[in-house]
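The following paragraphs lead the reader through one protein structure, moving from its parts to the whole. Please keep the sequence and the model in view while reading.

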Amino acid sequence: MRPLNVLIIGCGNIAGAFDEHRSLNDLPVTHAGAFYRDERFNIIACVDPDYQRRSVFMNRWDVASGFLSIDEVAGSHDVFDIISICSPTESHIHDLETAIQLSPKVIFCEKPISTSLFDAERLVNKCKESGISLAINYTRRWDPDMLKLKADIQSDRYGQLRSIVGIYNKGILNNGSHMLDLLHMLIGSVEVVKAGSPVDDFFLDDPTIPMWLEGRKKLPIHLVCGHADDYSIFEVKFIFSSGVLTMEEGGMFWREQHVVDSDVFKGYQKLDNGEQKKGKYPYSMVCAVDNIYRSIYEDASLASTGESALAAQRLCEKIKHLACN
Ligand SMILES: NC(=O)c1ccc[n+]([C@@H]2O[C@H](COP(=O)([O-])OP(=O)(O)OC[C@H]3O[C@@H](n4cnc5c(N)ncnc54)[C@H](O)[C@@H]3O)[C@@H](O)[C@H]2O)c1
């Protein structure tokens, strides 16, 4: 099989900058970092209007061609198998529309697809009509720990799942959609019971909103908010009948607490402190590009698609509507 040609739109943090000063022995957390380490791909071109940023990116990831805008690429005769869209969210619509005209096999777009649900739906349909596969970087869909947790929930490995409590900040669409997409992946569809008061903690028009949701069989799910000015937080506690599993630091770590006898209150049982273990979240980007490769050459299904991303975005809209009206 020949290596797949990659074009990356936007040369900022998630495109490659987060990995720029990390060792090639570290697991990559960016698009360029993951494609560069995998010899099945060649990053042949990139786009960024910022000359300095583009040059650093081209040098770091050995990219031969650099463009000021995706419109410039459309005027060239290059052919790409994969187009990664890592530009600011406001640019995604234009970049997606132009990327579709370039007829790649896969578009790997950063989340959220767009700030407008209407446009996001339109572009997901347009990709489908054009026969282009669309993968959205809701990263945890490729996290091996999450796939295991999904199977463990289904097999009642930790007993019955009693409730889920999550903490997030920095916007319902920006980060909350990661949390809602994760819930969809792990337990299927969820309903909104109540949305709390919005907190404007970072993005204009994308408040962080506390919420009470319900999963199948009325499984209670509470998502509460931190404030983006304080620190980043993305944690989820899965409360099972035989213990508690906590995803810490967005999946960088996990804590598994078990039921033990209380040494103070005779006859009562409590949770032990558990032990913090390293999570497999850092494998997500490697698994994402592998999934993309296999979707092209082996007809594998993409773990995160336009449709799954839209489901999370529709839920965000519903919660925002309830909270802000
Ligand atoms: N999946 C995740 O966990 C995750 C994490 C971080 C960011 N993101 C998403 O990735 C996107 C980019 O975020 P970031 O943090 O890397 O931003 P960033 O500001 O670090 O990088 C954006 C880059 O795009 C360039 N740019 C601006 N306009 C452009 C255009 N029209 N065409 C091409 N490039 C353009 C900028 O010069 C900059 O270098 C956002 O949509 C964000 O929500 C996702």
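How many residues of domain 1 are in contact with residues of domain 2? In this predicted model, six residues of domain 1 are in contact with eight residues of domain 2. On the side of domain 1 that touches domain 2, three residues are nonpolar, one is polar and two are charged. As for the bounds of the two domains, domain 1 is made up of residues 4-140 + 284-305, while domain 2 covers residues 144-279. Their C-alpha centres lie 30 Å apart.

The protein chain as a whole may be considered next. Its secondary structure amounts to 10 helices and 17 strands. The C-alpha trace extends over about 75 × 45 × 40 Å along the principal axes. A compact globule of 325 residues would have a radius of gyration near 20 Å, and the protein chain, at 21 Å, agrees with this. Of the 325 residues, 40% count as buried. Among the contacts with a separation of 6 or more, 66% are made by residues 24 or more positions apart.

In soluble globular proteins, nonpolar side chains tend to be buried together. Here the largest nonpolar core contains 84 residues, and those with the most contacts inside it are V6, L7, I8, I43, C46 and I107. Helix α8, residues 172-187, supplies the largest share of this core, with eight residues. Where does the core lie in relation to the two domains? Domain 1 (4-140 + 284-305) and domain 2 (144-279) both give residues to the core, so it lies between them.

The ligand remains to be described. Which residues are the closest to the ligand? The shell consists of 23 residues, and the closest are G10, G12, N13, I14 and E110. Helix α1, residues 13-20, gives the largest share of this shell, namely three residues.

Note on methods. Residues are numbered from 1 along each chain as its sequence is written. This is a predicted model: local features need pLDDT of at least 70, side-chain atom pairs count only at pLDDT 80 or more; totals for chains, interfaces and linings use all residues. Helices (H or I, at least four residues) and strands (E, at least two) are DSSP runs, numbered from the N terminus. The radius of gyration is taken over C-alpha atoms; the globule rule is 2.2 Å times the number of residues to the power 0.38. A residue is buried if 20 or more other C-beta atoms lie within 10 Å of its own, exposed if 12 or fewer, and partly exposed in between; C-beta atoms are placed from the backbone. Two residues are in contact if their C-beta atoms, placed from the backbone, lie within 7 Å. A nonpolar core is a set of buried Ala, Val, Leu, Ile, Met, Phe, Trp, Tyr and Cys residues joined through C-beta atoms within 7 Å. Domain bounds come from an automatic or database domain assignment. A residue is near a molecule or strand if its C-beta atom, placed from the backbone, lies within 6 Å of it. Ala, Val, Leu, Ile, Met, Phe, Trp, Tyr, Cys and Pro count as nonpolar, Asp, Glu, Lys and Arg as charged, and the others, Gly among them, as polar.
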